[in-house]
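Let's take a walk through this structure together, one piece at a time. Have a look at the picture first, and then we will start with a question.

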Amino acid sequence: MKKIALILILQISISALAQQKKEEPVFDNWFAKKPTAPPPAAPPPPPNVPLDGGLVALIAAGGAVGYKKYKDRKKTE
Amino acid sequence: MLSTIKSQIPSGFLRFAIRFSIALLALLTVYKFYLWFTEQKEDLDWITYQVSFLSHRFALALGIADCEFSCFMDGCRIGVEGKMINVLEGCNGIKLAFVYIAYLIGVNENNRSTIIQSLIGLVLIQLFNVFRIGMLVMLIYHGGDMYFFFIKYIFGVFIYASIIVLWLLKPVVDRYLNRYA
């Protein structure tokens with residue numbers, strides 16, 4: 001009876017130890033990359049304030065104003 | 001075909017178009033060389049720096065007491081920490097001034113008047129740009145959608161429309177300069 005009890009206790013303790021082993025490894029893998037929290041995202045760069053976005057349109061407008069000027073002059077002549 | 005097109009072009013326009021294009025190309029080429037030269041020196045160009053510096057001063061005058069100003073090789077940052085704007089080479093407005101001056105050279109009728117109007121236009125465009133950047137610093141500081149509305153519509157439309165109005169008013173300014181200057 002004592003023997004059976006001892007075997008039972010031993011079996012329970014072995015299975016408990018096995019369970020524990022699954023959850024917490026006895027030897028940590030020191031070289032493995034441990035999961036860390038991601039670094040905080042860098043703040044967005046300040047916005048640019050460009051002014052030359054419509055440069056081509058302005059050049060075209062210059063051409064149109066010049067055309068109108070010379071056309072009006074032709075009319076007056 | 002060619003003669004039909006030629007008859008549609010008003011006399012003098014072709015000469016204007018050539019002078020306008022050559023003047024613009026020459027100004028932009030000189031400016032590109034200047035930018036290349038400052039880049040070789042690992043420095044920020046003088047125009048962008050001055051526009052940023054004056055804009056910072058204007059923002060301070062508008063009441064943004066803790067407005068910071070720092071310059072790098074590619075441009076300057078103006079504003080309060082976390083609410084800054086980046087003033088790069090394309091933000092200094094000099095190319096718009098070049099287009100304005102190229103038009104004046106294109107329709108050149110009086111050298112003295114062209115020089116005076118070019119200088120006045122250049123100063124006016126730069127002053128408006130300083131005002132614009134100073135206002136944008138203030139708008140981004142106070143938050144809200146006004147910043148986006150002003151940068152996208154108001155300032156752009158105003159400066160481009162002003163340049164076109166100045167071109168259209170050129171004969172009036174010419175007459176005034178011939179009479180009084």
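In which sense do strand S1 and strand S2 of chain B pair? Keep in mind as you look that this is a predicted model. S1(B), residues 68-71, and S2(B), residues 75-80, pair in the antiparallel sense, and four bridges link them. Follow the chain from one strand to the other and you will find three residues between them, in what is called a hairpin. To see how the strands line up, find B:Phe69, which stands opposite B:Ile78 in S2(B).

Now move along chain B to a pair of helices. Two packed helices are described by the angle between their axes and the distance between the axes. Here the pair is H4(B), residues 94-106, and H5(B), residues 111-142, which pack at an angle of about 165 degrees with their axes 9 Å apart. Angles over 145 degrees count as roughly antiparallel, and H4(B) and H5(B) are therefore roughly antiparallel to each other. The crossing of H4(B) past H5(B) is right-handed.

Which residues meet where these helices pack? On the H4(B) side, look for B:Leu96, B:Ala97, B:Tyr100, B:Ile101, B:Leu104 and B:Ile105. They meet B:Thr114, B:Gln117, B:Ser118, B:Gly121, B:Leu122 and B:Ile125 in H5(B). Sorted by class, this contact has eight nonpolar residues and four polar ones, with no charged residues.

Finally, turn to chain A. Chain A has two helices and zero strands. Of its 77 residues, 8% count as buried.

Methods:
Residues are numbered from 1 along each chain as its sequence is written. Chains are lettered from A and ligands numbered from 1 in the order in which they are written. This is a predicted model: local features need pLDDT of at least 70, side-chain atom pairs count only at pLDDT 80 or more; totals for chains, interfaces and linings use all residues. Axes are lines fitted to C-alpha atoms, for helices over the stretch in contact, and angles run from 0 to 180 degrees between N-to-C directions. Angles under 35 degrees count as roughly parallel, over 145 as roughly antiparallel, 65 to 115 as roughly perpendicular and the rest as oblique. A crossing is left-handed if the near helix is turned anticlockwise from the far one by less than a right angle, and right-handed if clockwise. Two residues are in contact if their C-beta atoms, placed from the backbone, lie within 7 Å. Ala, Val, Leu, Ile, Met, Phe, Trp, Tyr, Cys and Pro count as nonpolar, Asp, Glu, Lys and Arg as charged, and the others, Gly among them, as polar. A residue is buried if 20 or more other C-beta atoms lie within 10 Å of its own, exposed if 12 or fewer, and partly exposed in between; C-beta atoms are placed from the backbone. Two strands pair if DSSP finds at least two bridges between them.
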